[in-house]
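Trainee: I have a new structure open and would like to go through it with you. Could you help me read it piece by piece?

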Amino acid sequence: MKMEDLRRVFESLGYDDVRTVQSSGNVLFETRKSATSTLTRRIEDALAEAFGYRISVVLRTRDELERLLGANPFDKVDVAPGTRTHVTFLKEPANDAELPSSEEFDVLGVFDGAVCSVVHPSGTT
């Protein structure tokens, strides 16, 4: 889906300062409504109508994002050329014991509903 189309769906719902983040499918927006479950359902319904299929939505508040940034989960990561850091927001709670492991990436842990992981360039793990 095009990010411009995604942005338009959020604008049509009356949200303010709608911005998409690169081509990630992530959308930043402002609203005075605070019931996460209601917002989620409303957005999922609008996306299904606009694109013709159900899309699962995971919402995070500004406070949740600021707590994650404040935790600085990547502060001890040795970043080399090609290193990629990832934050995956979870819809359901998880704990570190439930996380996959791999030789291709390191899972740093769960921080406030988000899995933080690092993919290293080949041969540097």
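Trainee: How many salt bridges does the structure hold?

Mentor: Keep in mind that we are looking at a predicted model; in this model the structure holds eleven salt bridges. In general, side chains of opposite charge can pair when their charged atoms come close.

Trainee: Let's take one of them: which residue meets the side chain of glutamate 4 in a salt bridge?

Mentor: The partner is arginine 8, with 3.4 Å from N to O, and both residues lie in helix H1, four residues apart, which is about one turn of the helix. Glutamate 4 is partly exposed at 34% relative accessible area, and arginine 8 is likewise partly exposed, at 45%.

Trainee: What about arginine 54, which glutamate does its side chain meet?

Mentor: The side chain of arginine 54 also meets glutamate 44, in a salt bridge of 3.9 Å from N to O. Arginine 54 lies in the loop between H2 and helix H3 (62-71) and glutamate 44 in helix H2, so this pair ties together parts that are ten residues apart in sequence.

Trainee: Back to helix H1, which of its residues are buried?

Mentor: In H1, which covers residues 3-12, the buried residues are Met3, Leu6, Arg7, Val9 and Phe10. Seen down the helix axis, these buried residues fall within an arc of 155°, so they line one face of H1.

Trainee: What do those buried residues pack against?

Mentor: The buried residues of H1 pack against strand S1 (16-21), strand S2 (26-30) and helix H2 (36-51).

Trainee: New topic, then: how many aromatic pairs are there?

Mentor: The count comes to three aromatic pairs. In one of them, the rings of phenylalanine 10 and tyrosine 15 have centres 6.2 Å apart and planes at 50°, so the pair is tilted. Another tilted pair is made by phenylalanine 10 and phenylalanine 29, at 5.3 Å centre to centre and 50° between the planes. Phenylalanine 10 lies in helix H1 and phenylalanine 29 in strand S2, so that pair ties together parts 19 residues apart in sequence. Phe10, Tyr15 and Phe29 form one aromatic cluster.

Trainee: Is tyrosine 15 buried or exposed?

Mentor: Tyrosine 15 counts as buried, at 5% relative accessibility, and phenylalanine 10 is buried too, with a relative accessible area of 5%.

Trainee: One more place: how do S4 and S5 run, and how many bridges join them?

Mentor: S4 and S5 run antiparallel and are joined by six bridges, with valine 110 standing opposite valine 115 in S5. The two strands form a hairpin with two residues between them, and aspartate 112 in the turn has a positive phi of about 50°.

Trainee: Which residues does glycine 113 touch, leaving out those up to four places away in sequence?

Mentor: Glycine 113, found in the loop between strand S4 (105-111) and strand S5 (114-119), touches Arg60, Thr88, Phe89 and Leu90 when residues up to four places away are not counted. Glycine 113 is partly exposed, with a relative accessible area of 25%.

Notes: Residues are numbered from 1 along each chain as its sequence is written. This is a predicted model: local features need pLDDT of at least 70, side-chain atom pairs count only at pLDDT 80 or more; totals for chains, interfaces and linings use all residues. Side-chain values use heavy atoms; hydrogens and water are left out. Buried means under 20% relative accessible area, exposed over 50%, partly exposed in between (1.4 Å probe, protein chains only). The arc is that of the directions from the helix axis to the C-beta atoms. Contact means heavy atoms within 4.5 Å. Rings of Phe, Tyr and Trp (its six-membered ring) pair if their centres lie within 6.5 Å; planes under 30 degrees apart count as stacked, over 60 as edge-to-face and the rest as tilted. Two strands pair if DSSP finds at least two bridges between them. A salt bridge is a side-chain nitrogen of Lys or Arg within 4 Å of a carboxyl oxygen of Asp or Glu.
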